[in-house]
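Please look at the sequence and the model before reading on.

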Amino acid sequence: MGEGFEYGEFEVWVKNFNKMMKDKSFLTALCQSLGQGVLRDLKANTPVGQYDGQVFFTGRLKDGTPKIMTFSGKTHRVGGELRRGWHFVGVEPSGDSWLLTWANGKEYASFVENGHRKADHSGWVEGQFFARTTMEEVADKVPRMIEPKWEAWLHDLGFD
């Protein structure tokens with residue numbers, strides 16, 4: 001027959017396994033890493049405004065009254081506020097899943113993403129769907145991004 005079964009060693013392994021399964025630091029760190037990677041992609045896919053013609057925007061007068069304003073010029077100014085506005089909020093467990101959250105504090109972010117009515121009400125500006133596109137691209141990459149770390153973690157648990 002083969003070697004005998006060492007119950008004591010198995011008991012130690014089970015305790016270590018239970019300890020690692022209850023410790024959420026690995027999954028939290030994995031999700032944090034994933035969140036930062038998605039943030040890089042999200043920023044890269046976010047369009048940057050070009051202001052070399054007439055631009056309409058809304059503002060407020062000192063008394064709080066909304067006003068449509070225009071800016072005309074040949075400055076060839078480039079924006080980037082929307083791109084710089086992204087940040088990774090964080091990660092938290094949610095049932096059997098993990099919730100990763102990104103946010104953009106620029107109030108016009110949803111208008112650029114989803115589209116909006118023109119300021120002079122003469123038509124519709126199509127959305128650019130940069131956030132949606134980023135999430136679709138990332139969904140395909142997630143398994144390749146986490147697989148090496150996951151396999152190393154399983155190896156540490158004793159699964160080869």
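Q: At what angle do helix 2 and helix 5 pack, and how far apart are their axes?
A: This is a predicted model, in which local features need pLDDT of at least 70 and side-chain atom pairs count only at pLDDT 80 or more, while totals for chains, interfaces and linings use all residues. Residues are numbered from 1 along each chain as its sequence is written, and side-chain values use heavy atoms, with hydrogens and water left out. Helices (H or I, at least four residues) and strands (E, at least two) are DSSP runs numbered from the N terminus, and axes are lines fitted to C-alpha atoms, for helices over the stretch in contact, with angles from 0 to 180 degrees between N-to-C directions. Helix 2 (residues 25-45) and helix 5 (residues 130-157) pack with their axes 9 Å apart, at an angle of about 145°.

Q: Which residue classes make up the contact of helix 2 with helix 5, and how many residues does each have?
A: For this count, Ala, Val, Leu, Ile, Met, Phe, Trp, Tyr, Cys and Pro are nonpolar, Asp, Glu, Lys and Arg are charged, and the others, Gly among them, are polar. The contact of helix 2 with helix 5 has 15 nonpolar, three polar and four charged residues.

Q: Does the span of helix 2 agree or disagree with its number of residues, and what is the span?
A: The expected span of a helix is 1.5 Å times one less than its number of residues. Helix 2 has 21 residues and should therefore span 30 Å, which agrees with its end C-alpha atoms, as these are apart by 30 Å.

Q: Is Arg40 buried or exposed?
A: Arg40 is found in helix 2, where residues including Leu34, Val38, Leu39 and Leu42 are buried. Buried means under 20% relative accessible area, exposed over 50%, and partly exposed in between (1.4 Å probe, protein chains only). Because its relative accessibility is 58%, Arg40 counts as exposed.

Q: Which residues touch the most other members of the largest nonpolar core?
A: A nonpolar core is a set of buried Ala, Val, Leu, Ile, Met, Phe, Trp, Tyr and Cys residues joined through side-chain atoms within 4.5 Å. Of the 15 residues in the largest such core, those that touch the most other members are Trp86, Phe88, Leu100 and Trp102. Two or more residues come from each of helix 2, strand 5 (86-94), strand 6 (97-104) and helix 5, and the element that gives the most, with five residues, is helix 2.

Q: Which residues are in contact with Thr134, leaving aside its neighbours within four places in sequence?
A: Thr134 lies in helix 5 and, at 0% relative accessibility, counts as buried. Contact means heavy atoms within 4.5 Å. Leaving aside neighbours within four places in sequence, the residues in contact with Thr134 are Val38, Asp41, Leu42 and Asn45.

Q: What is the phi of Phe129, about which one can say that it is not a glycine?
A: Most residues other than glycine have a negative phi, and most peptide bonds are trans. Phe129 is placed in the loop between strand 8 and helix 5, and it is partly exposed, with a relative accessible area of 27%. Although not a glycine, Phe129 has a positive phi of about 50°.
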